[in-house]
Amino acid sequence: MNSQSLNAFAVADINNDKLLDIITATENPKQFDIFFNERNLNFQIKTLSKFSNFTLKLLAIADVDNDNLVDIIAIDDAKQYLLVYHNDEQHEFNKRAFYGISRSAHFLTTGDVNNDGFIDIIVGYSGKDRLSIYLNQKNGKFNTNGTFYRSACEGQEITVIDIDKDDYVDLVLVSPFEMQIDILLNNGQGGFNVHFSLKTEEMPNDAAMMDVNNDEKLDLIVMFSDNGTIVVYLNDGKNKFTEESTYSAEVGIRSLAIADINGDKRLDIAVINIDWNSLDVYINNGNGMFSAHSMSKTDNEPMFLIATDINNDDRADAIIGYKQKIGILFFSADD
């Protein structure tokens, strides 16, 4: 699937046919494209919108107006707008809203932060106000002034997940340049407090959470690109984290993904490597440890990775974003 000058992509079922589609935001030309999945890895491309002055930097997918149709959220880096494109029965996305964000954003994601049943928008920045929450007004529209949170950590990568199992989503913020990861716990009113800060010796580039050692507590998986390692930090039961194990990869790893790769109902780890043009897999042994299991060649300079089941065979696949196209790799039965 060709996609010129790819800035971001996402995977979601746009037309509710129980097949995952691929949405791309490109720089040249400046446009959104939807690759509709028509089974058997056949995709029908539809150009959603072309923009003459926008720079589409970040992309997220969520149903923001509770109509059972997923919508498209994006960041325009040139004009500094938060863009919301509402899906409709014809999937034309003609209803649109733009919100000013005042400065360049590093990360974009979504989650229901105040448990009102409506999806909110979360944007990560650099500078003194590192995180902004745009609350859904229960109609698919958002407050024009986001609530800012000052963390010592830039929101360059953000994971939204319920860490302390109180039914409110919490946040994991990754800051490469400050070599720090912050755990922000939801205060039950849609606000966040820094619960734990983890200083690292190298620049962290991505993070994810999963229960590594089967103690029903979420542990922290962190990827370090510069020294080519993946580090597991175990949850101490109080949602603070200590280093447990390190797995060697190669310098140049990026875009960490967590998924059941081999169909054994356990979550595994996958990363892409932009220097070695590879997809690296670490299989969960079920005892709190992982085994480096395979390295698959990719095309040149893989940039983004999403691990999900694109062909409905109950096994995760690797959807890889390159500079000018999207590629799909299938994990073998031996993985």
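How many salt bridges does the count come to? The count comes to five. The model is predicted.

## Salt bridges

Start with Lys30 and Glu27. Their side chains meet in a salt bridge, with 2.6 Å from N to O. Is Lys30 buried or exposed? Lys30 counts as buried, because its relative accessibility is 19% and the cut-off for buried is under 20%. Glu27 has a relative accessible area of 27%, so Glu27 is partly exposed.

Next come Asp77 and Lys57. The salt bridge between their side chains spans 3.9 Å, N to O. Asp77 sits in the loop between strand E6 (71-76) and strand E7 (81-86), while Lys57 belongs to strand E5. The pair therefore ties together parts that are 20 residues apart in sequence. Asp77 is partly exposed, with a relative accessible area of 25%. Lys57 is partly exposed too, with a value of 25%.

Asp264 and Arg266 form another of these bridges. Here the N to O distance is 3.2 Å. Asp264 has a relative accessible area of 25%, so Asp264 is partly exposed. Arg266 is at 33% relative accessibility and counts as partly exposed.

## The largest pocket

How much space lies in the largest pocket? The figure is about 1,600 Å³.

The lining of the largest pocket holds 41 residues. Phe107, Glu157, Asp206, Ser255 and Leu305 lie nearest the centre of the pocket. Sorted by class, the lining has 28 nonpolar, nine polar and four charged residues.

## The second largest pocket

The second largest pocket has a volume of about 180 Å³. Its lining includes Leu198, Lys199, Thr200, Glu201 and Glu202. Phe224, Asn227 and Tyr233 are also among the lining residues.

Which element gives the most to the lining of the second largest pocket? Strand E19 does, with three residues. By class, the lining has four nonpolar, four polar and four charged residues.

Find Ala62 in strand E5. Ala62 has a relative accessible area of 8%, so Ala62 is buried. Which residues does Ala62 touch, leaving out those up to four places away in sequence? The list is Val70, Asp71, Ile73, Thr110 and Ile119. Phe331 is another matter. Ala62 and Phe331 are 269 residues apart along the chain, and their C-alpha atoms are separated by 27 Å.

Now turn to Asp182. Asp182 lies in strand E15 (residues 180-186). Asp182 is buried, because its relative accessible area is 1%. The side chain of Asp182 makes a polar contact of 2.9 Å with the side chain of Gln180. A polar contact of 2.7 Å links the side chains of Asp182 and Ser197.

## Two positive phi angles

Most residues other than glycine have a negative phi. Two residues here go the other way. Asn239 has a positive phi, near 60 degrees, and is not a glycine. Asp314 is not a glycine either, and its phi is positive at about 65 degrees.

Where are these residues placed? Asn239 is in the loop between E19 and E20. Asp314 is in the loop between E25 and strand E26 (317-321).

Asp314 is at 71% relative accessibility, so Asp314 counts as exposed.

Note on methods: Residues numbered from 1 in each chain as written. Predicted model: local features only at pLDDT ≥ 70, side-chain atom pairs only at ≥ 80, totals over all residues. Heavy atoms only, no water. 1 Å grid on protein atoms, 1.4 Å probe; cavity = no way out; pocket = protein on both sides within 12 Å on 5 of 7 lines; lining within 4 Å. Points joined across faces, edges and corners; volume = space filled by probe spheres on them. Nonpolar A, V, L, I, M, F, W, Y, C, P; charged D, E, K, R; others polar. Helix = DSSP H or I, 4+ residues; strand = E, 2+ residues; numbered from the N terminus. Buried < 20%, exposed > 50% of the residue type's maximum accessible area, 1.4 Å probe, protein only. Contact = heavy atoms within 4.5 Å. Polar contact = N/O pair within 3.5 Å; in protein donor to acceptor, adjacent residues only side chain to side chain. Salt bridge = Lys/Arg side-chain N within 4 Å of Asp/Glu carboxyl O.
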